[in-house]
Amino acid sequence: MTVTSPSLTASDEILVRLAMDDKDIETAGMAGEFAASKVFDRAGVAWIDLGQSPDHHSTSLKLLAAHRPDYLVLHGGGSLLIDVKTYTPRRQAGDAHRFGVTDIEWAALKATQDIGGVPVALLFWNRRAPGRFSYVICLLDELQVPHADDAGSWRCRDFAADEFSTIRLAAA
């Protein structure tokens with residue numbers, strides 16, 4: 001599926017994609033979150049950006065070591081909390097891409113899900129899709145494949161190439 005958003009120019013789209021590839025994790029993350037908002041708009045769902053500043057985190061969530069996802073997405077009478085990740089796959093074999101979060105982050109997102117009763121999902125941007133905005137969304141509870149590398153222990157899921165969607169942020 002390929003969709004476009006007329007509010008951005010092709011130059012804007014290139015700048016967002018370049019920012020997603022930035023070595024600075026904050027820059028890449030902010031670009032990924034911006035692109036995710038365009039995905040939600042194109043899908044026609046209502047969303048609320050939950051904010052990044054430290055004063056947007058409640059004391060009780062901090063005490064539970066819970067994690068504040070990036071968006072609350074409202075759809076079909078329900079809602080999802082979505083955390084956006086702009087990542088390179090943990091592993092890639094053929095058409096399979098392994099994405100996930102560290103065990104620590106998984107536990108923090110799970111604590112948020114459990115206290116709120118709202119399912120948590122992750123939107124993974126594939127940084128190995130050069131020049132394209134390629135993403136996949138999955139529920140937190142689907143991340144069950146253990147993975148270990150020099151960055152630590154992870155909870156992951158393997159995704160086939162046909163599970164990814166591609167979006168254009170700018171009109172052609």
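Visitor: How many bridges join S6 to S7?
Guide: This is a predicted model. In it, strands S6 and S7 run antiparallel. The number of bridges joining S6 to S7 is 5.

Visitor: Which residue in S10 is the bridge partner of Phe133?
Guide: S7 also pairs with strand S10, residues 165-167. That pairing is antiparallel and covers 3 bridges. In S10, the partner of Phe133 is Ile167.

Visitor: Is S7 largely enclosed by the rest of the structure or open?
Guide: A residue counts as buried when its relative accessible area is under 20%. In S7, 5 of the 7 residues are buried, so the strand is largely enclosed.

Visitor: Which element gives the most to the largest nonpolar core?
Guide: The largest nonpolar core has 22 residues, and Phe40, Ile82, Leu123, Trp125 and Phe133 touch the most other members. Elements that each supply at least two residues include helix H1, helix H2, strand S3 and strand S7. With 5 residues, the element that gives the most is H2.

Visitor: How many residues are in the second, separate core?
Guide: Its members include Val101, Val120, Leu122 and Val136. The count for this second core is 17 residues.

Visitor: Which strand has the lowest mean pLDDT among the elements?
Guide: The chain averages a pLDDT of 85, and 90% of the residues score at least 70. Among the elements, strand S1 has the highest mean, 94. The lowest mean, 72, belongs to strand S4.

Technical notes:
Residues numbered from 1 in each chain as written. Predicted model: local features only at pLDDT ≥ 70, side-chain atom pairs only at ≥ 80, totals over all residues. Heavy atoms only, no water. pLDDT = per-residue confidence, 0-100. Helix = DSSP H or I, 4+ residues; strand = E, 2+ residues; numbered from the N terminus. Core = buried A, V, L, I, M, F, W, Y, C linked by side-chain atoms within 4.5 Å. Buried < 20%, exposed > 50% of the residue type's maximum accessible area, 1.4 Å probe, protein only. Pairing = 2+ DSSP bridges.
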